[in-house]
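Welcome! Please take a moment to look at the chains before reading on.

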Amino acid sequence: MELSETETPVKLAGEAPARRSRNWASIAAPLAVGLVFLGVWEFLVDYYQIRPFVLPAPSAIAVSLVENLGSLLGSLTFTLGITLLAFVLAVLGGVLLAILFSQSRIVEMALFPYAVMLQVTPVVAIAPLIIIWVGVDKPGFAVLILAWIVAFFPMLSNTTLGLKSTDHHLHNLFELYGASRWQVLFQLQLPNALPYILAGMKISGGLALIGAVVAEFVAGSGSATGLAWRISEAGYRLQIPKMFAALILLSLTGISIFFLLSWLEYKLLHRWHESAAHREN
Amino acid sequence: MPANPEFRADDPATVHRPLIQLSRVDKVYANGTEAVRGVDLDIGGAQFVSLLGPSGCGKSTLLRMIAGLGGVTRGEIHWPQSRYDARGNPERNLGFVFQEPTLMPWATVFQNVYLPLKLKGISREQAEQPIRQVLETVGLEQFGQAYPRQLSGGMKMRVSIARALVTHPSVMLMDEPFAALDEITRFRLNDDLLHLWAGHEWTVIFVTHSVYESVYLSNRIVVLAARPGRIIADIPIDAPYPRDEDYRTSETYNHYCRQVSAALHRAMGD
């Protein structure tokens, strides 16, 4: 058999010049907006002599960030540790439970309403209960549980959706060739669910951080000194520049998590999935 | 590719025993739709049978039942030349080609073709040679490492055919495989399919709703009517192979097209 003229393969997208300039723009444009914004902010604070406990100038925030960097990084480590642990446990728990659901309709029907219940109940409302259960002396553990509750559900629902959305013809094909339940799971359902799992991870990664911060506000105390606790502490003491400094670290953490997971998604999907593949048209 | 060991052209016992025997097969879906009623059909070795009919005539349902996907409601499908395993399932070697290429998008062409062998527990080293060979047969030896999204529609369909051929099936079931392709590609794949089929003694059961495609390809056309799906004509096409453009414009071809068209009109109640 020879390939005819009409059957030329779709050209593999290369690094076209237009694409490269777009990449530059995607960094330069938001950077320019940020610099202009900071400049205007600095100018207005200076011009109207706004007092630092109302709105500190960007320069004052930068100074505070450098001065408090040591203690703030310690708090960052605490918050980051909780976030990552909650995230990993949410990914494992969500994927494993979704696999269990995919294997047994009864288990899914029995457990899914409770998973939804866990999701829709505001985490702030459960916090006092969790703190009592794990003991007031272990606020870190309580924060971990609360962050996990928030991050868990997107993993469960996305993975469940991904495992269910396999092409039924491919299912037929596996059946035709006598595939076992595990072969179907590992060679068809899980690869098919991968884009869904990765999309879930992007949501969960952000939510784990949000969950950790909210939980810290509620459950944190002297012995759980994460970034959120530092923010409320600085707020009480009207150390607003320091509050902003902690806030910046939190934002950077969230952005890093998002970019890391986006990078992972690109690495795993760009060769085959439309969502991550380059197209020239 | 070795010939199908089940088939011996010189053995009269084999020739007279059909490969697949459908007797009084009914299919009623759970929602009450009567898809197929009272189908009797014997299919022998090395036949190229087209199942032709309007939408809803149950031709795809019939094909799926022959493949063992979804059971029959009444009647039975028997494989007289096959051994049956302890659970009463016939041991047969089938290839199935769907209307869509139905490839795994996350896997390369090579990995997609490897699938049937992998599921049977054949190692990659052992599978390497047959896969290379079958990719060469369909003209895709250069594309083993490509992903499906990099291929054109016709090429994807070739991968799908290669995957069905890699197990050396004795029966190839094809469910409107070329319906979604443009005419030039479809004609080309028609010729390629006939070329592949001519060299090997396997049976093709080909579902289509094109009179012209079925007359060009098959040596037997089974025409079905809809609601409920039933056989209303079984027409042998006694034109010699190999067939080419000359056949497509010949009087014989036109004659058969008219005959099959008339049967199809009867099937649609005109």
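Here is a short briefing, grouped by topic.

This is a predicted model, in which local features need pLDDT of at least 70 and side-chain atom pairs count only at pLDDT 80 or more, while totals for chains, interfaces and linings use all residues. Residues are numbered from 1 along each chain as its sequence is written, and chains are lettered from A and ligands numbered from 1 in the order in which they are written.

**Confidence in chain A**

- pLDDT is the predictor's confidence in each residue, from 0 to 100; for chain A the mean is 87, and 89% of its residues reach 70 or more.
- Residues 11–15 of chain A stay under 50 in pLDDT, and for them the model has five contacts beyond four places in sequence.

**Where chain A meets chain B**

- Two residues are in contact if their C-beta atoms, placed from the backbone, lie within 7 Å; by this rule, 27 residues of chain A touch 29 residues of chain B.
- On the chain A side, helix H7 (168–176) and helix H8 (181–219) are the elements that give two or more residues; helices (H or I, at least four residues) and strands (E, at least two) are DSSP runs, numbered from the N terminus.
- H7(A) provides the largest share of that side, with seven residues.
- Sorted by class, the chain A side has 14 nonpolar, eight polar and five charged residues. Here Ala, Val, Leu, Ile, Met, Phe, Trp, Tyr, Cys and Pro count as nonpolar, Asp, Glu, Lys and Arg as charged, and the others, Gly among them, as polar.

**The two domains of chain B**

- An automatic or database domain assignment gives chain B domain 1 (13–92 + 170–267) and domain 2 (104–169).
- The C-alpha centres of these two domains of chain B are 25 Å apart.
- Eleven residues of domain 1 of chain B are in contact with six residues of domain 2 of chain B.
- On the domain 1 side, strand E6 (171–175) and helix H6 (183–199) of chain B are the elements that give two or more residues, and H6(B) gives the largest share, three residues.
- That side of domain 1 of chain B has nine nonpolar, two polar and no charged residues.

**A sheet in chain B**

- Three strands of chain B form an open, antiparallel sheet in the order E2-E1-E4; strands pair if DSSP finds at least two bridges between them.
- Strand E2 (34–43) and strand E4 (74–78) of chain B are the edge strands, each pairing on one side only.
- Strand E1 (residues 20–28) of chain B pairs with E4(B) over four bridges in the antiparallel sense.
- Gln21(B) has His78(B), in E4(B), as its bridge partner.
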